[in-house]
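Dear colleague,

Here is the structure I promised to pass on, and my notes on it follow below.

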Amino acid sequence: MLRVDGNRIIYHYDAEELWIESWGKNAVRVRATKYKEMPDSDWALSIPQKECGEIKLLENGASLKNGALYLTITNGGKIVICKEDGTRVFEEYWRNRRDITDPKCSSIEVEGREFQPNVAGDYHVTMRFESLDPGEKIYGMGQYQQREMELKGCDLELAHRNSQASVPFALSSLGYGILWNNPAVGRAVFGKNIMSFEAYATKYIDYWFVVGDTPAEIVNAYAKVTGTVPVMPEYGLGFWQCKLRYQTQEELLGVARRYHELGIPLDMIVCDFFHWPKQGEWKFDKTYWPEPEAMVKELKDMGTELMVSIWPTVDRESENFDEMLEKGYLIRTERGFRTGLNFMGATIHYDATNPGARKYLWDKVKKNYYDLGIKTFWLDEAEPEYTVYDFDNYRYFLGTDLEVGNVYPVEYARTFYEGMEAQGQENIVNLLRCAWAGSQKYGALVWSGDIASSFDTMRNQLSAGLNMGIAGIPWWTTDIGGFHGGNPDDPEFRELFTRWFEWGAFLPVMRLHGDREPRQPQFGQTGGAACRSGAPNEIWSYGEEVFEICKKYIALRESMREYIREIMQESHEKGSPIMRTLFYEFPEDEIAWNVEDEYMFGDKYLVAPVFESGARKRQVYLPKGCSWKRIGTDTAIDGGQFITADAPLEDMPVYEKVLIC
């Protein structure tokens with residue numbers, strides 16, 4: 001049942017074949033299938049690895065040692081992984097009688113690697129492993145709209161939805177990381193009694209496992225096998241202006257001109273959706289955007305880049321629908337009317353998993369946008385969003401949505417990254433609403449989707465952003481002020497907006513966006529005109545007091561440009577998050593593992609956003625081993641203590657590390 005083939009341990013029992021091999025330093029990849037041959041896709045593990053490890057056949061099984069990782073597999077097929085000091089960090093959950101010498105032998109007949117047959121031939125698979133330590137903490141896994149950053153005890157859907165991004169890499173306080181390397185729709189459970197990953201329709205189990213002494217070592221190892229972000233271009237370091245939506249070329253230019261006249265730096269302004277005639281016609285509607293090339297030039301002369309929204313949806317009445325249908329470039333439905341998203345028309349998405357569809361879309365974008373000088377794109381609807389998330393009803397070029405659906409945002413980002421790279425562009429960044437493992441290497445800057453405008457939602461975004469960084473997606477941001485609702489004339493919303501804007505200065509990308517109330521009158525009768533604009537959403541839209549605070553924080557962002565450039569470079573080289581949990585920087589500080597409402601911006605600044613209406617003070621923990629000073633002051637404060645920080649409306653608590661730990 002056990003044999004060695006080169007650098008690989010192979011276990012075979014009945015219909016199951018299992019492969020174990022070294023995959024990067026201190027890491028292994030484990031795959032299993034009940035098909036006649038092992039599927040050959042590497043999915044997120046796209047970076048070739050050379051580590052061989054030391055393999056031995058033992059009397060009761062086999063072992064593999066790779067650096068600080070030591071794996072054993074019994075003759076009965078059970079896998080255990082230990083760190084170099086012998087600490088057990090992973091053990092498959094088997095409760096059967098295949099090996100009666102196992103202390104956990106049981107008659108309940110539960111398998112650690114379960115292949116439950118589906119009608120039509122593939123499997124619903126479950127990989128179960130023991131919860132070895134009641135004090136274990138789990139982080140990462142992508143972006144979920146919840147306050148909880150620590151995930152032990154959580155039940156997570158492995159699927160994308162608007163504002164939810166499944167990036168299935170988990171980091172444990174026990175000193176390991178695990179990537180569920182399967183883009184199938186499924187589930188992850190981090191229970192106190194048992195932990196598991198599930199795929200509802202697949203042919204295999206595939207996971208990557210690494211051990212390390214610190215969170216940084218583990219995250220950096222993960223980046224080595226899945227890729228890192230490009231270098232962030234200079235226009236990604238400053239302030240971005242956006243709203244739903246500028247309805248005309250002149251309206252957008254008027255906003256940019258006012259920023260320029262006021263002397264407020266503006267790195268990016270965004271042309272949002274429905275600037276096109278119909279969905280699936282990737283071009284400007286000349287009725288409202290008559291001279292886009294001249295617009296791009298004027299913006300560049302003011303030091304501002306233009307980002308343009310792209311939607312993957314294709315209206316049945318668009319000029320490209322029939323051709324894309326004929327060539328097989330659209331997602332298919334298994335039943336019912338061929339519609340994925342019913343918004344401003346009956347639409348279906350282009351199939352990003354189809355190489356021909358990727359080339360087709362890029363060719364349209366290159367002709368109608370890129371050749372005009374537009375070098376950054378907003379790739380919206382990247383999940384893709386469906387009106388009804390019936391994952392069993394959609395089929396892609398690479399397989400069913402249930403089998404491969406989570407890879408869609410990766411291939412969407414790839415469409416543009418490879419097209420832009422082929423034109424010789426470097427330092428590529430595009431804004432997407434979703435990601436999966438590996439998206440980062442295609443220049444994906446992920447924002448947290450269409451979220452509510454509330455303090456509770458603002459707080460949830462901090463957990464989302466920190467876990468995205470741990471999951472290998474360091475370029476992350478959120479709509480300053482939230483997306484849904486908010487009236488700029490409402491004093492309560494002005495407070496929320498101010499607190500969010502202050503926080504935005506310390507996000508990887510500082511981007512203002514939202515759909516404000518009340519709605520504006522419709523401008524025009526043709527094309528996308530029926531999609532009415534929200535209320536004004538520029539920094540001068542919220543009254544003089546808020547305007548002055550916004551100017552202060554844009555200036556603060558500008559003053560950090562060199563520092564932000566440095567931490568972006570580190571992210572490119574090592575995969576380090578830009579936003580970092582306290583324990584990422586201070587793993588020896590036990591309290592740092594329990595603080596979830598503040599974070600480090602790089603390795604220098606501790607950021608403590610204000611998440612409560614009316615709050616003018618907040619508690620802040622300063623990690624031990626360092627001294628700290630509040631920015632704008634000279635007083636050093638010893639670390640290793642909680643303090644009560646003043647937080648007037650115009651000032652968010654931020655502390656600079658002044659002594660090296």
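Which are the buried residues of helix 11? Before the answer, please note that this is a predicted model, in which local features need pLDDT of at least 70 and side-chain atom pairs count only at pLDDT 80 or more, while totals for chains, interfaces and linings use all residues. Residues are numbered from 1 along each chain as its sequence is written, and side-chain values use heavy atoms, with hydrogens and water left out.

The buried residues of helix 11 are Arg-561, Tyr-563, Ile-564, Ile-567, Met-568 and Ser-571, where buried means under 20% relative accessible area, exposed over 50% and partly exposed in between (1.4 Å probe, protein chains only). Because they cover an arc of only 160 degrees around the axis, they lie on the same side of helix 11, the arc being that of the directions from the helix axis to the C-beta atoms. On the other side of helix 11, Glu-562 and Glu-573 are exposed. Helices (H or I, at least four residues) and strands (E, at least two) are DSSP runs, numbered from the N terminus. After helix 11 comes Gly-575, with a positive phi near 85 degrees.

As for cysteines, a search of the whole structure finds zero disulfides, a disulfide being a pair of cysteine sulfur atoms within 2.5 Å. Cys-434 is buried, with a relative accessible area of 0%, and its sulfur is 18 Å from the closest cysteine sulfur, in Cys-242, which is too far for a bond. Cys-52, by contrast, is partly exposed, at a relative accessible area of 35%.

Best wishes
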